[in-house]
Amino acid sequence: RGFLILRHLLHKCSPIHLSVQTLRGFEKLSQVVTLMALHAQLSLNLIFDVSLWVRGDVSVQNECLGTLERLVAQNPKYYRGVIGVPRIIDMIREHVFFSSENED
């Protein structure tokens with residue numbers, strides 16, 4: 001429940017507290033948490049909560065996508081089992097908007 005509480009508080013706080021350093025801190029924490037259930041909660045409720053990180057500025061949003069990419073690339077089998085590819089794609093699609101430049 002600790003990560004759920006932290007998630008709730010981060011959603012309530014000002015976006016200025018959602019920094020690249022905060023996200024990197026959670027990524028480092030994920031590297032030292034050994035209990036699988038706790039690691040899954042950290043991943044699902046904080047690191048992979050795209051709706052949280054899109055509230056930050058562009059550098060935070062870019063770091064969020066980079067973090068997701070790094071973590072999944074480091075351990076794809078684990079993240080496929082814990083989160084699943086469709087859920088990851090849905091989270092990104094729901095909260096990240098892509099625009100294309102008009103070609104002249």
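**Reading the helices of a predicted model**

Q: Does isoleucine 88 count as buried or exposed, and why?
A: Remember as we go that this is a predicted model. The idea here is to compare a relative accessibility with a cut-off, and buried means under 20%. Isoleucine 88 has 12% relative accessibility, so it counts as buried.

Q: Where is isoleucine 88 placed?
A: Look in helix H7, which covers residues 85-95. There, setting aside neighbours within four places in sequence, isoleucine 88 is in contact with Phe48, Val72 and Ile83.

Q: How do I read the length of helix H5?
A: Compare its end-to-end reach with what its residue count predicts, at 1.5 Å a residue. Helix H5 runs over residues 58-74, which makes 17 residues. From first C-alpha to last, H5 reaches 24 Å, close to the expected 24 Å.

Q: Which residues of H5 are buried?
A: A general idea first: an α-helix has 3.6 residues a turn, so residues three or four places apart point the same way. In H5, the buried residues are Val60, Glu63, Cys64, Gly66, Thr67, Leu68 and Leu71.

Q: Is glutamine 61 buried, partly exposed or exposed?
A: Values between the buried and exposed cut-offs, 20% and 50%, are called partly exposed. Glutamine 61, which lies in helix H5, has a relative accessible area of 28%, so it is partly exposed. Beyond its neighbours within four places in sequence, glutamine 61 is in contact with Trp53, Val54 and Gly56.

Q: How many disulfides does the structure hold?
A: To find one, look for two cysteine sulfur atoms within 2.5 Å. This structure holds zero disulfides. The cysteine sulfur closest to that of cysteine 13 belongs to cysteine 64, and because the two are 15 Å apart, they are too far for a bond. Cysteine 64 itself counts as buried because its relative accessibility is 3%.

Q: At what angle do H2 and H5 pack?
A: Picture a line through each helix, then look at the angle and at the distance between the lines. H2 and H5 pack at about 15°, with axes 9 Å apart. That angle is why H2 is roughly parallel to H5. H2 passes H5 in a right-handed crossing. Among the residues making the contact are Leu23 and Glu27 of H2 and Cys64 and Thr67 of H5.

Q: At what angle do helix H2 and helix H3 pack?
A: Helix H2 (residues 20-32) and helix H3 (residues 36-47) pack at about 165°, and their axes are 10 Å apart. That makes H2 roughly antiparallel to H3. The crossing of H2 past H3 is left-handed. Phe26, Glu27, Leu29 and Ser30 of H2 make the contact with His39, Leu42, Leu46 and Ile47 of H3.

Q: Which helices do the buried residues of H3 pack against?
A: The buried residues of H3 are His39, Ala40, Leu42, Ser43, Asn45, Leu46 and Ile47. They pack against helix H1 (2-12), H2, helix H4 (50-53), H5 and helix H6 (76-82).

Q: Which residues is histidine 39 in contact with, leaving aside its neighbours within four places in sequence?
A: Histidine 39, which lies in helix H3, is in contact with Ser30, Val33, Tyr78 and Tyr79. Its relative accessibility is 8%, so histidine 39 counts as buried.

Definitions and conventions
Residues are numbered from 1 along each chain as its sequence is written. This is a predicted model: local features need pLDDT of at least 70, side-chain atom pairs count only at pLDDT 80 or more; totals for chains, interfaces and linings use all residues. Side-chain values use heavy atoms; hydrogens and water are left out. Helices (H or I, at least four residues) and strands (E, at least two) are DSSP runs, numbered from the N terminus. The expected span of a helix is 1.5 Å times one less than its number of residues. Buried means under 20% relative accessible area, exposed over 50%, partly exposed in between (1.4 Å probe, protein chains only). Axes are lines fitted to C-alpha atoms, for helices over the stretch in contact, and angles run from 0 to 180 degrees between N-to-C directions. Angles under 35 degrees count as roughly parallel, over 145 as roughly antiparallel, 65 to 115 as roughly perpendicular and the rest as oblique. A crossing is left-handed if the near helix is turned anticlockwise from the far one by less than a right angle, and right-handed if clockwise. Contact means heavy atoms within 4.5 Å.
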